[in-house]
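Please walk me through this protein structure, starting with the chain as a whole and moving on to particular contacts. I have not seen it before.

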Amino acid sequence: MEEVCLNSEPVFDDVDEYEGEGDCSAVEHDESGAKHSKKEPSPPTVGLEFDSFDEAYDFYNIYAKEHGFGIRVSNSWFRAKRKERYRAKLSCSSAGFKKKSEANNPRPETRTGCPAMVVIRLVDSERWRIVEVELEHNHQVSPQIKRFYKSHKKMILAARKAQPPPEPITEIHTIKLYQTAAMDAGFNGYSNVSEREGIHPADHSKHLELKEGDAYAVYNYFCRMKLTNPNFFYLMDLDEDGRLKNVFWADARSRAAYGYFCDTIAIDTTCLANKYEIPLISFVGVNHHGQSVLLGCGFLGRESVKYFVWIFRAWLKCMLGHSPQVIVTDQSKPLQIAISEVFPKARHCFCLWYIMQRVPEKLGGLKGFEAIKRQLNKAVYNSLKIIEFETSWAEMIKQHGLGDNKWLQTLYEDRKQWVPVYLKDTFFAGMIPIQENESLNAFFDGYVHKHTSFKEFVDKYDLALYRKHLKEATADTQSRNSCFELKTRRNFEVQLSKVYTKEIFNKFQSEVEGMYSCFNTRQVSVNGPIITYIVKERVEIEGKEKEIRSYEVLFETSQVDIRCICSLFNYKGYLCRHALNVLNYNGVEEIPSRYILPRWCKDFKCRHVDQGSNDIDVYNPVYWHNHLHKCAVTVAEEGAQSQEHYKIALHELQELLNRFNLVEDSLV
């Protein structure tokens, strides 16, 4: 495999034919030789979910066509005010019976009152879930019966309408890679990735499949970014035949953001897991407002250990070798192996939200699904101690006879990487939801769907980043210039209203208000300077009933250290209501500074000092850019305080640029 760093020269050449002279490598994309084995569609099962009504209908229609029967929408339920469909029954075309006709020669009855059907329901106003299934027919069905049903005809007509023009949809592009001497000398230094594993026949499933217009869209974007964004970084991975396998890139903002927020990152592979048209992988962090911030992204030719290793190393090189402390990903064996190889010192965890989202798909067809789901949620979200989780899990498995369920077996084996009770010593910066009612949105949510093309994504990419940056800038302004509304007047609330950004303060304020739901704070044991307290709280269960729960809080009197069994501080980065109650009980009026994380403060970017690494090359232009950027942030923050400050900052910056020009002139 050949790996080329392309950070100084154009990547694509506007030619139609392959040119092989000199030291240029060509990257070609074609779909020749692709063979797809026909796979029988899986039967509908309770719990399967779809992005739309049409997708659910098409799924059942394809299944019906393969098994030799037609379907129709026999019943629909709508919400009267919004005229929105929220439930539907898709039945076999032989369901029910026709109305009796008064005609002299009525048509013969063709329906049989067939019971075969599926019922689908809109869930959370977003997805359609199968809630009822009947697969048995009361008449003969067979794929060999060549009857032409109306539902199949609609499907064929829709497919024809969606077909592209007869000319090939995939271009064969020549992408010339201009290699400098530095590249030929092994500029990237990834020797263990660059080793060849022998020559094999071309396997196009291992390469990026670029359709018409995709290659030039990527080309134009990279060229434009190199002209306007000097610290823009991108890397391409080629095989020995010059075919493009993987791409990674990160702009200057992403690289600078990682300098601030490098403690915890998420690697989003949703597009890979859900088989989207673009194999997008995103590196995402959390900024001082609790907002998602992009730290780089790429396209992956294949979901395998080797390919993950390549893109992780590309990202690590882009970030000057600084590894994060915590990495959150989907549950995946290839991901797990690749992360342990590239980030051996990082704490790797699986995203709880992704796992719980798969529960209907994996368990929806089981008898007693709703009861299983309730018990699973209780074990995962409500367990404060490991023994509580283990007991609840064992009861669920035993009660419902789930001992042979492979998916649950895998979850249990990996429990220390995703169940909150095992992750209490891991700092997540609010990146993972720890309560049943919390949700998670992907960084490009709303910009990418299953059929988004490479070209469409590149077109939307800048818009997505612009809106995210605008949202952060607006939050910065609101945090600096707004006076936060105080709801309790407690000292803790007043203290952090002067420090935290608005969004983080609002979350902390909820904990201060939550102190009123806590009661009966009492000391239960003393071990030297460490005192153990029990704090009781009334907790809402499923939004209705209130249950009294007891929380154990350890308080160290000499250093004023405090830790609650709920571990909200590690999950979210601010103290919980139980810890605040114990501090208040002991007459502590201000939160100790160690529990006020700088990453949540209004002025974090201004006073942030990059601890960095001991082996940083201080003569590296990338280091210069990042260091200057961080120093300039203070000027920008002060310059935005007033119109007078703005004029002064602008004038001085212009003077500085003039001095640069004088230096350049003197060197000529």
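A residue is called buried when its relative accessible area is under 20%, exposed when it is over 50%, and partly exposed in between. The structure here is a predicted model. Of the 668 residues in the protein chain, 46% count as buried. The accessible surface of the chain comes to about 36,400 Å², and carbon and sulfur atoms hold 50% of that area.

The secondary structure consists of 22 helices and 19 strands. Contacts across the sequence can be described by how far apart the partners are. Among contacts in the protein chain with a separation of 6 or more, 65% are between residues 24 or more positions apart. The side-chain pairs described below give examples of links between separate parts of the chain.

Charged pairs come first. Side chains of opposite charge can pair when their charged atoms come close. The structure holds 17 salt bridges. One of them joins arginine 127 and aspartate 51, with 2.5 Å from N to O. Arginine 127 belongs to strand β7 (residues 127-134), while aspartate 51 is in the loop between β3 (49-50) and α1 (53-67), so this pair ties together parts that are 76 residues apart in sequence. Arginine 127 has a relative accessibility of 28% and therefore counts as partly exposed. Aspartate 51, at a relative accessible area of 41%, is partly exposed as well.

Another salt bridge is formed by aspartate 425 and arginine 563, whose closest N and O atoms are 2.8 Å apart. This pair links distant parts of the chain, 138 residues apart: aspartate 425 is in the loop between α14 (406-413) and α15 (454-481), and arginine 563 is in strand β19 (residues 561-564). Are the two partners buried or exposed? Aspartate 425 counts as exposed because its relative accessibility is 65%. Arginine 563 is partly exposed, at 39%.

The salt bridge between glutamate 472 and lysine 605 has its closest N and O atoms 2.6 Å apart. Glutamate 472 lies in helix α15 and lysine 605 in helix α20, so the pair ties together parts that are 133 residues apart in sequence. Here both glutamate 472 and lysine 605 are buried. Salt bridges with shared partners also join Glu49, Asp51, Arg127 and Arg129 into one network.

Strand β7, which holds arginine 127, is also the place of valine 133. With a relative accessibility of 25%, valine 133 counts as partly exposed. Valine 133 and valine 118 are 15 residues apart along the chain, yet their C-alpha atoms are separated by 4.5 Å. Leaving aside residues up to four places away in sequence, valine 133 touches Pro44, Thr45, Val46, Met117 and Val118.

Aromatic rings are the next topic. Two rings count as a pair if their centres lie within 6.5 Å, and planes over 60 degrees apart make the pair edge-to-face. By this rule there are 41 aromatic pairs. In one of them, the ring centres of phenylalanine 283 and phenylalanine 312 are 6.2 Å apart and the planes stand at 80°, so the pair is edge-to-face. Phenylalanine 283 is in strand β12 (residues 280-286) and phenylalanine 312 in helix α8 (residues 305-318), so the pair ties together parts that are 29 residues apart in sequence. Both phenylalanine 283 and phenylalanine 312 are buried.

Phenylalanine 569 and tyrosine 595 also form an edge-to-face pair, at 5.3 Å centre to centre and 80° between the planes. Phenylalanine 569 lies in helix α18 (residues 568-572) and tyrosine 595 in the loop between α19 (577-585) and α20 (604-607), so the pair ties together parts that are 26 residues apart in sequence. Phenylalanine 569 and tyrosine 595 are both buried.

One aromatic cluster includes Tyr221, Trp249, Phe299, Phe443 and Tyr461. The ring of Phe443 also has the charged end of lysine 468 over it, 4.7 Å from the ring centre. Elsewhere, arginine 415 lies over the face of tyrosine 412, at 4.0 Å from the ring centre.

Leucine 656 lies in helix α22 (residues 643-667). Its relative accessible area is 36%, so leucine 656 is partly exposed.

Definitions and conventions. Residues are numbered from 1 along each chain as its sequence is written. This is a predicted model: local features need pLDDT of at least 70, side-chain atom pairs count only at pLDDT 80 or more; totals for chains, interfaces and linings use all residues. Side-chain values use heavy atoms; hydrogens and water are left out. Helices (H or I, at least four residues) and strands (E, at least two) are DSSP runs, numbered from the N terminus. Buried means under 20% relative accessible area, exposed over 50%, partly exposed in between (1.4 Å probe, protein chains only). Rings of Phe, Tyr and Trp (its six-membered ring) pair if their centres lie within 6.5 Å; planes under 30 degrees apart count as stacked, over 60 as edge-to-face and the rest as tilted. A charge sits over a ring if NZ of Lys or CZ of Arg is within 6 Å of the ring centre and within 35 degrees of the ring normal. Contact means heavy atoms within 4.5 Å. Accessible areas come from the Shrake-Rupley method with a 1.4 Å probe; for residues, only the protein chains shown count as cover. A salt bridge is a side-chain nitrogen of Lys or Arg within 4 Å of a carboxyl oxygen of Asp or Glu.
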